[in-house]
Number of protein chains: 6
Amino acid sequence: MKLVTASWMEIDSYLTQSKSILIPIGSIEQHGPNGLLGTDALCPEIIAGEAESLTPMLIGPTFSVGCAQHHLGFAGTITLRPSTMIQSLVDWVASLRRHGFERLYFLNGHGGNVATIQAAFAEIYAGISFSAEPPAPLELKLQNWWQLPGVAELCREIYPQGDGMHATASEVAVTYAAYPQAQKQVSMSPRIAPTGRISHAHAYRERFADGRIGSDPAQASVEAGEKIIARAAESLVREYASFDSGQVER
Amino acid sequence: MKLVTASWMEIDSYLTQSKSILIPIGSIEQHGPNGLLGTDALCPEIIAGEAESLTPMLIGPTFSVGCAQHHLGFAGTITLRPSTMIQSLVDWVASLRRHGFERLYFLNGHGGNVATIQAAFAEIYAGISFSAEPPAPLELKLQNWWQLPGVAELCREIYPQGDGMHATASEVAVTYAAYPQAQKQVSMSPRIAPTGRISHAHAYRERFADGRIGSDPAQASVEAGEKIIARAAESLVREYASFDSGQVER
Amino acid sequence: MKLVTASWMEIDSYLTQSKSILIPIGSIEQHGPNGLLGTDALCPEIIAGEAESLTPMLIGPTFSVGCAQHHLGFAGTITLRPSTMIQSLVDWVASLRRHGFERLYFLNGHGGNVATIQAAFAEIYAGISFSAEPPAPLELKLQNWWQLPGVAELCREIYPQGDGMHATASEVAVTYAAYPQAQKQVSMSPRIAPTGRISHAHAYRERFADGRIGSDPAQASVEAGEKIIARAAESLVREYASFDSGQVER
Amino acid sequence: MKLVTASWMEIDSYLTQSKSILIPIGSIEQHGPNGLLGTDALCPEIIAGEAESLTPMLIGPTFSVGCAQHHLGFAGTITLRPSTMIQSLVDWVASLRRHGFERLYFLNGHGGNVATIQAAFAEIYAGISFSAEPPAPLELKLQNWWQLPGVAELCREIYPQGDGMHATASEVAVTYAAYPQAQKQVSMSPRIAPTGRISHAHAYRERFADGRIGSDPAQASVEAGEKIIARAAESLVREYASFDSGQVER
Amino acid sequence: MKLVTASWMEIDSYLTQSKSILIPIGSIEQHGPNGLLGTDALCPEIIAGEAESLTPMLIGPTFSVGCAQHHLGFAGTITLRPSTMIQSLVDWVASLRRHGFERLYFLNGHGGNVATIQAAFAEIYAGISFSAEPPAPLELKLQNWWQLPGVAELCREIYPQGDGMHATASEVAVTYAAYPQAQKQVSMSPRIAPTGRISHAHAYRERFADGRIGSDPAQASVEAGEKIIARAAESLVREYASFDSGQVER
Amino acid sequence: MKLVTASWMEIDSYLTQSKSILIPIGSIEQHGPNGLLGTDALCPEIIAGEAESLTPMLIGPTFSVGCAQHHLGFAGTITLRPSTMIQSLVDWVASLRRHGFERLYFLNGHGGNVATIQAAFAEIYAGISFSAEPPAPLELKLQNWWQLPGVAELCREIYPQGDGMHATASEVAVTYAAYPQAQKQVSMSPRIAPTGRISHAHAYRERFADGRIGSDPAQASVEAGEKIIARAAESLVREYASFDSGQVER
Ligand code: NI
Ligand code: NI
Ligand code: NI
Ligand code: NI
Ligand code: NI
Ligand code: NI
């Protein structure tokens, strides 16, 4: 079930059976010459959607704009300051707890979000920890889709070279599979982009002229994307089932 | 063009021709027994999408979670505090200005957002107004989709009774047209919901037992939704063209 | 009774009979060549004072500096950022609730405050709505003095032309009636100021050279002001009595 | 000249001759059984008004609600959190600097404001100090009216006993002189209130049962108030003249 | 006992006997040509450490970076904005209250901190005062080390001339006694620095060319420092014992 | 050179040769029955101090209180909320940039700080990235002392079993080497603490009864600590030299 197309009565009924929800979380930022600005929001949304077609689970709305300050040198990028993102996540979690949700699984599509999401978790937990009163149950989990068991292996198999670190062949492939009409043919040079350290937008643009880091996303194809989506969705189904049932891995 | 499926190079190229962008903005909140939680985010997204199929324009990502504190008594509702929403909009606008955008048109789907969006505009403008330096050009416009010229007339024609104020027959119809598989058959009583004043979530739930205000959304149909979408999209095309060309109405 | 000149014991005693308070709220901002910088704070203060002379009611201190960023191009204007105004109103309301006040009626003198006051109400209500605990009773009401029943009709009657939108003949007249020594004779050209869209201070000054919008405030007179004050005060007495007695209009 | 009843053109003209402004700043808080809730805002407003009748100077609007958390146990008290007051003062000063004001003299009526006003000054200065760019001139000065040269001596002379620390005979007298109709006859016991340490509102109410600290304000009279106002106004005229002329005392 | 080198079990055990803690609080800021940047943090830390060697007491970690915006014109100075310092102190106090601490004694080393620490106290108390619920006991006390009974007298005796206001001979001597290897020989001219008003960093550097105010710290010596430390520590032992035992002075 | 015991003139002179500074950053939080509350602040301070004794470098003051909300169930723990820590780091970095520092190396002692420090870096960079103006050079680097090249290998060699994840044998050993008088003999059971997931303080205390995670810190000794300090300091000297010289590793 997708929260966005459900009614409140359907969510009420769902909550009698499960206190869990999956929230795709991403970013709107440049993904090189042939990648989509929405890649990092779309990938977890696509994979979660596929998983939900395999097994009953509740998918929340996508938290689509995240931490992308380093990409602001490239048109179309939209970012929250980390402090704004923390306050936003505080509000999302407070809203969902109000209804009785106890287990929130954030499926993330953007490496640059990880620190701020974890800081937001700590901000939320701090609100609980400052109080001596025992709280309502709460488990917050962050998982990056490319770290779901089995996914990285498949990506390396498909793209032994040039999968890269940003605007990766894999993530572009995932979006091409879901939005084939959005495929773009752009010649890129060098074929595999340079790698380096990330800081602010001015330095980023200087180091990574077309936005890519270490990748050759010209390799991206609908077929590869479909394989990755299938693998990630299966893996997510298993991991989320365990999360939903209250098993907490380290 | 949709920003989410465009590349940064495509946006760069677009900016040589226009400095305008349309951003759908809504809310994730209960919409009565047969309405979708995402109604207010989906309606402007659907209408903007239809408009963009008629004429070249740039549609940004949807700002989907807004001000819905009064609906927190119903499961699935997610809200930002107004102060968080203001900071988020400050960041969105700062990001887009960084790329050279000068004219931002927010197509809104939620009456409860209006005050906070206008407060956010004032917050952004204040940053400019405190400085004696003349700023880069900036025009921020808010329009509610149901106030696009010609739309209210059509809705009254289709639903002479019970269109209502919240969980309206019209908005439910718009979402049904775009997501026909999300239609819900729920019997509601009374047929037309009561009306009243909105304050916090506890009072809201007491006054409006199933979430609707003044509406009979059982009347919603795919056919009606299609008509409303068509009318709103045509109207939007005209209004946005005028906005894009720099004509500023009062 | 005016809170500012009352003692805490008098307020304590008042609270055994009523949980309501009226708070004038305005702005310190340019009001054209012959209008007072304090116009928007003085008007609700004057009208509330007149009403209080007619019937027992409690008038709080005036919240005098509001949202006036767009007027910063004219000397003497003082503004809060909307985010600051929201936090200030949060604190005022928290203070008054601490004493047992349950019904707060804000009589507003400045159109530019409306959005931010409503956003502040939502911020306050959100604090209540996030909690599952039922709150102490709270009703927050915003009314603009020029929208009190019967006032607009009178103003149109007195000023069939050039009452305008900012630095209106009516509001200048109200202040002249209360502060006759502050009347100013300034020739203005054109007689009726232009109208247009409001954004930031730089654009405002360009569009509205002397600060007025659509008005001919040279028409303002003590006599007209007295009539408007009388009408507004009578209307306020009736509306506030209904508010105080717990009747909640839509 | 009072800013509130001046026009922007009058302020524009004033700024060609002086870059200084005096801002009365106070608090709305209990002042014992016979003192006014507005005492701390009214006193500097009254004294500044008297000074302005003696010599040309510019009086800004009164910053009336300040830091009064410790008085929240007594009805009618309204407070800002210190963090809110800091942001408010940041905005006031930014507004006034926008117009070219360079020298701001805050005449304070409330001891509990002193720390937060000074912290606000440091917050404002920090915005300047973090930058390597030399700023526009800015001098911020805080003076408590009861510390104007010659005032304490007079108060001790008039009230050799029981002037006190809060709800003092002197401050009540000042308000009685300006608002004689607001005088209150209340028997207080003990005649001179106890003294002690101030912390939060719960402890305050326990320690100071009727709100007074160390004072016998039953001694307050219109005549005494008139003398204090006269002395304070003369003293202020001298000190402000020196401030306005750019002499900076240590 | 020093909290930093204690275990949580030792603190747990300590709390069965006392609910008090002493927190040294200072600043990292220029202290003239021969003074240490850490002077204001080190002085209270040194004196508290000496006191703790005389009698059992609990010393918390040093709050070392405070309000030093006015010194930013001199290399090495680090400051918090007052608003940041307030939030930090809010968090420190909330943490300590969580464990059952009820009496917090801040031994301060920097005059520029005083206002912001007091504003922070008011911010913390406000959180308590807005609630009608009686709070857990809390006493917050601020003492400047140079105002401990008997200290100023000794300093005047040792340095009849040129102890000064900033980068004082006394404070430099205290740090020299504890960090003799950090002594610096620098010729300063004039021998006694000028005095004047403090505002922002640009004005400060202009007025006080080498950073000192009114002082001749070339007089500082290890011997003098040892005497001051001894006197201050003895005085602190007495004052803190009284604080710990719950006696509250005015 | 240590900034805390240096003068501003010494820092001024240093800045003509290097724009780099190392800042130890840690936490004040429980470290099990025999570990010090200050462990995470002391370890980087100790290691940096040792490195500075080997080669000229500048060590800033220790940022000692960090993100420790999960340890609030154990007495003595002090935490900042992540949002407060971000603002504090924003201020520290703004202060240091004011003096011309361009390269800041944070040597971290607490895993729970990592996310928030990275979020703070992004907050700082965002301030730069929103502007189209090229910034002054800035490189921010975070390194955990236990991840300095060669350190983990040594720790595993010394503690093949039970080094653990929190209150590790290694970190306790480092503090014992520097503060031998703070060694504590406490019997712990089980010998090796359990492992598990970290969330808020209530869950933490339930899962980890004496505070340790996965560790047997009874193994800690001065000798082991000395070895680890020596290895870490040598490694830091090399890594920092490379950082200082402007080489940026990925
Ligand atoms: Ni990506
Ligand atoms: Ni709706
Ligand atoms: Ni007006
Ligand atoms: Ni007073
Ligand atoms: Ni000092
Ligand atoms: Ni540790």
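I looked up how the donors of the nickel ion (ligand 3) are spaced along the chain, and I read the pattern H-x8-D-x130-E. The model is predicted, so local features need pLDDT of at least 70 and side-chain atom pairs count only at pLDDT 80 or more, while totals for chains, interfaces and linings use all residues; side-chain values use heavy atoms, with hydrogens and water left out. I follow the numbering from 1 along each chain as its sequence is written, with chains lettered from A and ligands numbered from 1 in the order in which they are written.

I then noted the coordinating atoms, which are C:His31 (NE2), C:Asp40 (OD), C:Asp40 (OD) and C:Glu171 (OE), at 1.9 to 2.8 Å. Donors here are N, O and S atoms within 2.8 Å of the metal (3.2 Å for Na, K and Ca), and water is not among the atoms, so sites may look incomplete. C:His31 lies in the loop between strand S1 (20–25) and helix H2 (39–54) of chain C and C:Glu171 in helix H6 (residues 169–178), so the pair ties together parts that are 140 residues apart in sequence; helices (H or I, at least four residues) and strands (E, at least two) are DSSP runs, numbered from the N terminus.

I checked burial next, where buried means under 20% relative accessible area, exposed over 50% and partly exposed in between (1.4 Å probe, protein chains only). C:His31 is buried at 0%, and C:Glu171 also counts as buried, at 7%.

**Nickel ion (ligand 6), chain F**

I turned to the nickel ion (ligand 6) and found F:His31 (NE2), F:Asp40 (OD) and F:Glu171 (OE) coordinating at 1.9 to 2.2 Å. F:Asp40 sits in helix H2 (residues 39–54) and F:Glu171 in helix H6 (residues 169–178) of chain F, a pair that links distant parts of the chain, 131 residues apart. I recorded both F:Asp40 and F:Glu171 as buried.

**D:Glu29**

I located D:Glu29 in the loop between strand S1 (20–25) and helix H2 (39–54) of chain D. D:Glu29 is buried yet has no salt bridge, and the nearest side chain of opposite charge, D:Arg212, is 13 Å away. A salt bridge is a side-chain nitrogen of Lys or Arg within 4 Å of a carboxyl oxygen of Asp or Glu; for charge, Lys and Arg count as positive and Asp and Glu as negative, with His and the chain ends not counted. Beyond its neighbours within four places in sequence, I listed contacts (heavy atoms within 4.5 Å) of D:Glu29 that include D:Asp40, D:His71, D:His110 and D:His166.
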